[in-house]
Amino acid sequence: MTLSVRDLSFAYRKTPVLTDVSFDAEPGGLLAILGPNGVGKTTLFRCILGEQKRYLGTIAVDGENMRGFSARETARRIAYIPQTHGMTFRFSVRDTVLMGTTHTLSPFAQPGRAQERIAAEALEKLGILHLEDRSFDTLSGGEQQLTYVARALAQQARTLLMDEPTSSLDYGNQIKVLSVVKELAAEGYTVLLSTHNPQHALRYADRVLALLDGRVSAFGPAKEVLTPALLESLYGTRAELYDTPGGPVILPVVDQNNKKGESQ
Amino acid sequence: MNTVGGRKRRAAVLLMSTVLLFVLFFVSLTFGRYSVPFFDVIKILWHRLWTLTGLDRVLPMTVSWTEAMEKTVISIRLPRILTACLVGCSLSAAGAAFQGVFKNPMASPDILGASTQFITIFSFVSSILTVALVFLIAQRAPGQRTVNLILAGIMVGSLFSAGTSYLKLVADPSNQLPAITYWLMGSLSGVRLSSILPAAIPMAAGLVPLLLLRWRLNLLSLGESEARALGVNTDLLRAVLILCATLITAASISVSGVIGWVGLVIPHLCRKLIGSDNRGLLPCSMLVGASFLLLVDDVSRNLLATEIPIGILTAVIGAPFFIWLLLRKEKTL
């Protein structure tokens, strides 16, 4: 599914949060959303998910305007993968994934064998079927994140919205989660992923949307968009790009004795 | 195995709770000052059913019990036992529902103030208002939501208890005051068969939607945005669940007075037995809640020569449980 955002503006009590944001996210591609804290990434997600309705502009999936969609209509098209967080109550991994199928059920129905099969398939696909009886809160951060991804697959929406999936993961789990997401994109899912790590964007994303002060600062193929100039304008810190046999690498410039980092 | 859950375990726990309830139900009918042997109780009940079907005219049963036995079982104990089951079931279901809706393991009819009302006729309306008030205060206040809800509950509760105190002050000390006092302590004495139906109808009206929506209650406990993103109309669902839970609380209170702690303690106990999935938790809470209140009521009417108000007993059991809850190391409080 192609997600198109056109001229999206949103203000919170007259303070503009997003201004004229336009971009497309296409199936088979991974779009990384970069930007400093408080730039409106979360607000953007909330608008796309229909949680914030008072926005200007249009958000459309495959040409269909999503304004006025019910929660269920949105859930059919877009799956949200939150950051891992504590749960008030202990649900098993199976039940957590099963919750993804809720929008396919009538309001008074309980998930049955058909839904359990869908959940099991999603777990199987991500290679975490062996965790299904575990309690969600006993999982590692990476396993929790994969469980959320499985839940999104069980939801059977073709667009995945990920809110900083790697923010609380250790290095190994970051790579594991990103590889899974990359594979899903290659399978034809439309993936939007917000991240604080430009290196991740460079390594895994096909396109990058850089937000600054609620505006699109840059949008395009990752390798073209991610320049030292952009990074400096986004984060206020200097970084350089280096070509290595494994692909381009972003390294922050370490200021030693006021020498600029070009000595490398 | 880290979780309790899964189809088989759920079915097993629910079956056991049902069996427990049935056993307690029949055993409770034999308890009391006036002794009625167990088999006579069964025969009396069977006779009643038999008569209801009209088959007794074809196949009459031999009456082997005294009229006093029948009167004790049918007119005194049965209504009381049925009411204890209904009230226990309702309060526990309301507790489980409130805990899910407010994603707060401390939420319960008493803490939310749903059970501090005392004018029966206005009970439902004022309960809804109280819950709404507590909820709004807790949401508006900055800081931790779990704590906010409890603090808001305490404050609104004390506001209403001020009202109660005033009513006690102006009440007629010879008849109104004792009635109010006993009512506030909760009691199932004096329940008649005829008073069950008016309470059972609103209870059923609240319990059925709760049971039907129990899967979605799980999603609501994940929080607003996540539940919404999973396709749930959160505003509507929350409103329906709160309305139903408050309705059954109000209906319980109208028949039994204020009985605290059940709605907090039972869902917690059941979470240990069957897990947090409300597909199992809600029915389990209802069954265990019914058994629990029945048991406590048995104690209440048999332990001492004078009856101990049931609310006192549930507090004696509930408060230590609450302390244990606070001291427990697990972080899933």
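Biologist: Let's start with chain A: in what order do the four strands of its open sheet run?

Modeller: Keep in mind that this is a predicted model. The sheet in chain A is an open one with four strands, and the pairing is antiparallel. Going across it, the order is S2-S1-S4-S5.

Biologist: Which strands of chain A stand at the edges, and why is one side of each left without a neighbour in the sheet?

Modeller: An edge strand here has a single partner strand, so one of its sides has no neighbour in the sheet. In chain A that applies to S2 (15-25) and S5 (64-65).

Biologist: How many bridges link S1 and S4 of chain A?

Modeller: S1 covers residues 3-12 of chain A and S4 covers residues 56-61 of chain A. Arg6(A), for one, sits opposite Thr58(A) in S4(A). The two strands pair in the antiparallel sense, and the count of bridges is five.

Biologist: Which helix of chain A packs on that sheet, and at about what angle to S2(A)?

Modeller: It's helix H1, residues 41-48 of chain A, and it touches S1, S2 and S4 of chain A. Its direction and that of S2(A) make an angle of about 65 degrees.

Biologist: Over to chain B: how many helices and how many strands does it have?

Modeller: Read along the sequence, the pattern of chain B is α after α. The tally is 13 helices and zero strands.

Biologist: Why can chain B be called as compact as a globular protein of its length?

Modeller: For 333 residues the globule rule gives 20 Å. Chain B comes close to that, so it is as compact as a globular protein of that length, with a radius of gyration of 21 Å.

Biologist: What share of the residues of chain B count as buried?

Modeller: Chain B has 333 residues, and its C-alpha atoms fill a box of roughly 70 × 55 × 35 Å along the principal axes. The buried share is 45%.

Biologist: Where in chain B is the pLDDT below 50?

Modeller: Chain B averages a pLDDT of 84, and 91% of its residues score at least 70. One stretch falls below 50, though it has nine contacts in the model beyond near neighbours in sequence. Where pLDDT is low, the predicted coordinates should not be read in detail. The stretch is residues 117-121 of chain B.

Biologist: Which helix gives the largest share of the side of chain A that touches chain B?

Modeller: In all, 28 residues of chain A are in contact with 28 residues of chain B. Those on the side of chain A divide into eleven nonpolar, ten polar and seven charged. The largest share, three residues, comes from residues 71-77 of chain A, helix H2.

Methods
Residues are numbered from 1 along each chain as its sequence is written. Chains are lettered from A and ligands numbered from 1 in the order in which they are written. This is a predicted model: local features need pLDDT of at least 70, side-chain atom pairs count only at pLDDT 80 or more; totals for chains, interfaces and linings use all residues. The radius of gyration is taken over C-alpha atoms; the globule rule is 2.2 Å times the number of residues to the power 0.38. A residue is buried if 20 or more other C-beta atoms lie within 10 Å of its own, exposed if 12 or fewer, and partly exposed in between; C-beta atoms are placed from the backbone. Two strands pair if DSSP finds at least two bridges between them. Two residues are in contact if their C-beta atoms, placed from the backbone, lie within 7 Å. Axes are lines fitted to C-alpha atoms, for helices over the stretch in contact, and angles run from 0 to 180 degrees between N-to-C directions. pLDDT is the predictor's confidence in each residue, from 0 to 100. Ala, Val, Leu, Ile, Met, Phe, Trp, Tyr, Cys and Pro count as nonpolar, Asp, Glu, Lys and Arg as charged, and the others, Gly among them, as polar.
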